[in-house]
Structures are given as C-alpha cells and as structure tokens.
Amino acid sequence: MDILRVTATRIFYAILLLLAVLILNFTMMHLAPGDVADTIAQSMGGADEEVLARIRADYGLDQPFLVQLGTYMGKILRFDLGYSFYYSRPVTDLILQRLPATLLLVFTAQILAMIVGVVLGVISARRPNGILSHFVTFFALFGYSAPVFWTGILLLIAFSLKIQWFPVAGMRDVTLTGGFWVQAVDIARHMVLPTLTLASIFLALYSRLSRATMMEVLGSDYVRTAKAKGLSTREVVYKHALKNALSPVITLAGLQFSAVVSGAVLVETVFAWPGLGTLAFQSILARDTPTILGILFFSALMVIVGNLLTDFVLRLVDPRMRGRA
Amino acid sequence: MSDPSIPLPPVEKARSPLSEAWEMFRRNHSAMAGLVILTFIVLGAIFGPMLYPTDPFDMVWAPFSPPGEEGYLLGTDYLGRDLMAQIIHGARVTLIIGLSAAIVTIVIGVTIGALAGFYRGWVEEVLMRITEFFQVLPTLLFSMVIVALFGATLPMITFAIGIVSWTAVARITRAEFLRIRELEYVTASRAAGAPSGKLMFKVILPNAAPPIIVQSALMVGSAILFEAGLSFLGLTDPNIVSWGQIIGSNRQYILESGYTVTIPGLAIFVTVLAISLVGDGLNDALNPKLRQR
C-alpha cells in the first residue's frame, strides 16, 4: 500500500518538525532576558539574590541547558506546557479552554472562503471578460492589500455601530438565557463579522487561483472531447473540469494554515473573540512567557496536523498524487 | 568577409531587455497608476515632514476633533495630537520598515534558495527541511513572540518580519536555480572553470532575477502589512509613529473618532495596493511568456 507508506513517512517528518519547534521554543525562552524566577520575584514584590537563587534551584533553572531541555520535552510529552503565573493556571488548561472558539472561527471562515471563492472563480473563468471576472480581480487586489484588522474595524463601524445588526464584541451574550438553539443563534450572530473579516483575506486567493486553473482546464483536450460528446456545458464544467481544478485549491488551502492562525490573532483581537489569538495578545501584554510559547507550540501543532490532513485529502481527491512522496 | 563599401540594409536597432520591459510596463495602465501613486507616497515620506513640521507627538488641540475643523485637516486623536502630522511622519517609518524587512527577506531567501538549488543533494535536503520548518510556524505569532521577548526596537521588528517571510523567496529561487543550472550556457561556463560562487551569483542569478524581483516587490507590501499588524497589537517602539501604531493606539475610541482608525488604514491600503499593482505590472513585463494570458 503506497498511500500508507507515504502517510507514515509524512507523520514521521511531522514529528521531527514538532521536535524542532520545541527546541526553538525552549532556546528562545532561554535566550530571552529575564526568567521564571524574575517573574515570580516580581509577583512577590521583589526578592534578593538569595531568594532568586533558591527559586531557580526549585524550578531546576540552575541545571545545564541540555538537562533543562530534556526536562522540558518530557513535560511536553505529558501535555504539560508549563504554568502561567499571570493567570495562575496550567498553560494547557488555558489553551484547551480557548481552542474551541478559535477552531470554530477558523474553520467556518476557511470553508466559507473556499466555497464562495471557487464558485466566483468558476463563474468568472467561464466569462473571462465579464463584469464578475473584473470584480474578482478587483476583490483579489483588495484582499491582498487591505490590512485585515482594518477591514474588521470598518465592518465593525458599519454593521455594529452605525447599523446595529451585529453585536460589537465577544462570542456570546452572557445575559441571555435559553436552550441550545437560542445560544447557537446568539453565537452565530456574534460570529458573522469576524468570520467575514477572516474569510476576506482568503476569498481573494481562492477565487483568483480557481479562476486561473479553471481557465487552463477549460482549454484542455479532454474538456473539448467531453463537449464534442455532446454533454451539456453544465455537466462539462461541474463534473469534468471542476474536479481537476480543485486540487490546486486544496493545496493552497493546506499552505494557508499558518496564515489563517496569524489572521485569527488580529481578527480575534479586533472583535474580542475569546480564542487563542486574544489569549496570545493578552499574554504578550502581560509578558507571560510560558503562555506565549505554549500558544506558539500549539499553533505549530495545528498547522502540522492541518498540513497532514490536506495532504491526505489531496491524495484521496487526486489519484495522480497517491504514490508521490 | 563583408565589403564595407556595400551598404548594409538598415537593421532595426536591437533593444535592451530592460527597455523592452519598460515599454511593456508603460502600456499597463494599472501598473503605471500604481507607480505614480507610489512615487507620490515616497516623495511625501521624504519631503512631507519638512513641509509639515508639526510634531506628531505634540498635543495641539482638543482631543477627538473631527477632520477639517479648526484647521486640522484630518482632525486630532484621543490625546489631541494632529492626525495629519502623524500620517506624514508615520509614512517614513512604515516605508523604511517595509523596505528593510523586505531586504532581510530577500537576502535570506535568495541565499538559501540559491545554495539549495545549486548544490542539490544533502545541502538541498537540509535547507528545504529548514524552509519547511519556518513554514510551519504561524508567521505573525512567531514574530510577536520575538518582539515580545527581545524588545520592540526597530531593528528587532525588522528582523522579526524578515525571519518569518523568506520561505516563499527561497522556494522561488530554488526552483529557478534548478531549472537554469541545467542550461547549456551554465555547463559551458562550468567547463571553462568558473568557481561555484561565480556560477551562482554571476552566471545563474541574473537569469533567475525576474521572478525574484517580482516577489521582492510584493514582499515590501506584505512587510508593510506585517508591521501594521504588529504595531496594531502594540508590539512597536512607543517613541516612533507608524501607520499601524496610530490605528492600534486609537482602537478603543472608534466610537468617538472612527476617522483616527479609518484614515491611517486607508493610507496602508493605498500604499500596499500601489505596490501590488507595480508588482503585477513587473510580473507581466518581465515574463514575456505570460503575455498571452
């Protein structure tokens, strides 16, 4: 089974990548001025050298670099990302608590961007000089050039402050009581603006790419054959051509995971969406190093898993990719 | 061989590739529009502060004074500072960071891509794994961490942007090197005994330049967006003013003064848009093969 062997190799490399992220994380923590002992001392209101030395000994900070690295890796294997002195909670707890909100936002935005992007791309590929085609080009330029937090703030001003259609911030209305559906509708209402903002960056990419590949595919021989067989245009476009035009889009989606996480940080900050992005922002303001590095590690993990999944989906969709390493 | 007394038929003067590309670029309306806007912005950043010497940190008037009132063309921010002065003085910082971060990106990317594409084998394997590693790190988060841990100074911000953005440049450079290193003229100059360094940077690089130049142009735009994002999050040197930083510091007051956020955002948008248009134009002008599209 080729596909199994290839997947196994991929997973092996993914684990190596993750180890590399860990080492980088730890090295940065080590190089950064100030350590955990300083943080603790600060929260105690200052301490002399003797106390600092004792704290360092307690936390193993007086050990050699490699020993500390080993301890750190051992902890990570047990899902222990350290302790946040700012929030007085384990970092893993903090991250897991914030994760669902981020995943919800990121996935909805990605799926929305992909579906709308591909539809726009296909329609404009069929009429390369139509109005919609120019609109796609223009929109793609906007998506490339507008700072995402600015787009978010513009939407916020327009649809939450001027016309009060959507809530200004957060994920749910705490005063609201009601069953599952009431809550779900409430969350959906809070989600609209952040999702649109985040999707706006990627919508442009997807529509431009699917427009280009679709135009290429529509000019190919097998599409002409399908047309010559007398199939309807609809069938040719959506059954024959679209299948082949999809795999570059999926590849692109896989490459976007890291950008999505980055975009989420800004969008969440604009809309006070209670996810990993706002956590990252707050912990950076608070100089809470364990939390920051925990989030960095965790998002790298998300990107790696995302890449693996994309790779797998791509092999399922495109038989030509199955044997390739 | 040829008799100089016989007049040769008039030959159309051969044109340099550069002037041909310029001809191509000039006929592209949106690219020219981008270039004009960009020139205007750059001139404004260089000479603006002399023509409009108001200190962007001075509290000149009551806070939240809307644009156009009391002689302040763009109004004042939450501390009563002149927004026009902030935009003009911020242009310099924004452009300088964008440009220098793009240079860092290109230097790292071209070096790694060139070495990987030229030497192949284990060098390529190792360098491409490193590239993959940097692609896995969420760019903005990673540079946030660097700036937060090692200090929000201009050089550190520039470095933080450069170190996360070079992977695309490295991939393009490598692909070009892989293609060009097999061409006959490279083999010829290798056979003539050219040392590796010369082969890489004098023989191959000039021919690999067009896509790298296009990518570099786009890199300036994305570096500006990146800097804006970082300073929006407050990860910036508080003693300087940049467009993103204006938005970040006024963010809480959008209810009172939306313009302090929309105007600097518009400045960023127009600048990056102009750079994208120029980049697209360069792409068409430098890749004649794509002209039919």
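What pattern does chain B follow when it is read along the sequence? Chain B reads α-α-α-α-α-α-α-α-α-α-α, with 11 helices and 0 strands, where helices (H or I, at least four residues) and strands (E, at least two) are DSSP runs numbered from the N terminus.

Before I go on, please note that this is a predicted model, in which local features need pLDDT of at least 70 and side-chain atom pairs count only at pLDDT 80 or more, whereas totals for chains, interfaces and linings use all residues. Residues are numbered from 1 along each chain as its sequence is written, and chains are lettered from A and ligands numbered from 1 in the order in which they are written.

Chain B has 293 residues, of which 46% count as buried, a residue being buried if 20 or more other C-beta atoms, placed from the backbone, lie within 10 Å of its own. Of the chain B contacts (C-beta atoms, placed from the backbone, within 7 Å) with a separation of 6 or more, 68% join residues 24 or more positions apart.

Let me turn to helix α11 of chain B, residues 259-286. Its 28 residues should span 40 Å at 1.5 Å a residue, and the end C-alpha atoms are 40 Å apart, which agrees; the expected span is 1.5 Å times one less than the number of residues. Of these 28 residues, 22 are buried, so that α11(B) is mostly covered.

Helix α1 of chain B, residues 17-26, packs on α11(B) at about 130°, with the axes 8 Å apart; axes are lines fitted to C-alpha atoms, for helices over the stretch in contact, and angles run from 0 to 180 degrees between N-to-C directions. That makes α1(B) oblique to α11(B), since angles under 35 degrees count as roughly parallel, over 145 as roughly antiparallel, 65 to 115 as roughly perpendicular and the rest as oblique. On the α1(B) side the contact uses B:Ala21, B:Met24 and B:Phe25, and on the α11(B) side B:Gly281, B:Leu282, B:Asp284, B:Ala285 and B:Leu286.

Finally, between the chains, the axes of α13(A), residues 289-317, and α5(B), residues 139-150, come within 10 Å and cross at roughly 160°, and the two helices are therefore roughly antiparallel to each other. Among the residues that meet here are A:Ile292 and A:Leu296 in α13(A), and B:Phe142 and B:Val145 in α5(B). By class, this contact has 9 nonpolar, 2 polar and no charged residues, with Ala, Val, Leu, Ile, Met, Phe, Trp, Tyr, Cys and Pro counted as nonpolar, Asp, Glu, Lys and Arg as charged, and the others, Gly among them, as polar.

How values were computed
Two residues are in contact if their C-beta atoms, placed from the backbone, lie within 7 Å. A residue is buried if 20 or more other C-beta atoms lie within 10 Å of its own, exposed if 12 or fewer, and partly exposed in between; C-beta atoms are placed from the backbone.
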